[in-house]
Amino acid sequence: MKTVVLGASDNPERTSFTAVKRLLAHGDEVIAVGIREAEIHGVKIQTGKPEIKDVDTLTLYIGPRNQPEWYDYILKMKPKRIIFNPGTENPEFEEMCRKNGIEVVVACTLVMLSVGNF
């Protein structure tokens, strides 16, 4: 399954770092997008808004205040679902996603992975 981690960071204290690591262990194809080029367990963090196709899941690690600049990019990517992790909840954008046929999940990716319902 192809999963995009949007808001990826190479700081081991950030949840997005742990998400990349756990998604890899889960067997997912992980694409990390962030604001600084770096690497997490062999996955390069891409910067800007790279074109990514056939995305199953986008797991979001960007707060609501900074999300508007990403709306068009995410909607154009057309992920099957988007996970709004704690602190990223955004009713306006969640509704935009639903209207575009994207399944919205308000949950924690790490918890979903640990309980087996990712």
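Reader: Hi! Which residues of β1 are buried on each side?
Author: Hi! K2, V4 and L6 are buried on one side of β1, and T3 and V5 on the other, so both faces are covered. Buried means under 20% relative accessible area, exposed over 50% and partly exposed in between, with a 1.4 Å probe and protein chains only. Strands here are DSSP runs of E with at least two residues, and helices are runs of H or I with at least four, numbered from the N terminus.

Reader: Nice. What kind of model is this?
Author: A predicted one: local features need pLDDT of at least 70, side-chain atom pairs count only at pLDDT 80 or more, and totals for chains, interfaces and linings use all residues. Residues are numbered from 1 along each chain as its sequence is written, and side-chain values use heavy atoms, leaving out hydrogens and water.

Reader: In which sense do β1 and β2 pair?
Author: In the parallel sense, over 5 bridges, with β2 at residues 29-33; pairing requires at least two DSSP bridges between the strands. T3 stands opposite V30 in β2.

Reader: And what is the bridge partner of T3 in β5?
Author: That is T57. β1 and β5 (residues 57-60) pair in the parallel sense over 4 bridges.

Reader: Switching to α3, which residues are buried there?
Author: F93, E94 and C97, in a helix spanning residues 91-99. They lie on the same side of α3 because they cover an arc of only 105 degrees around the axis, taken from the directions from the helix axis to the C-beta atoms.

Reader: What is exposed on the other side?
Author: P91, E92 and K99. Just after α3, G101 has a positive phi of about 80 degrees.
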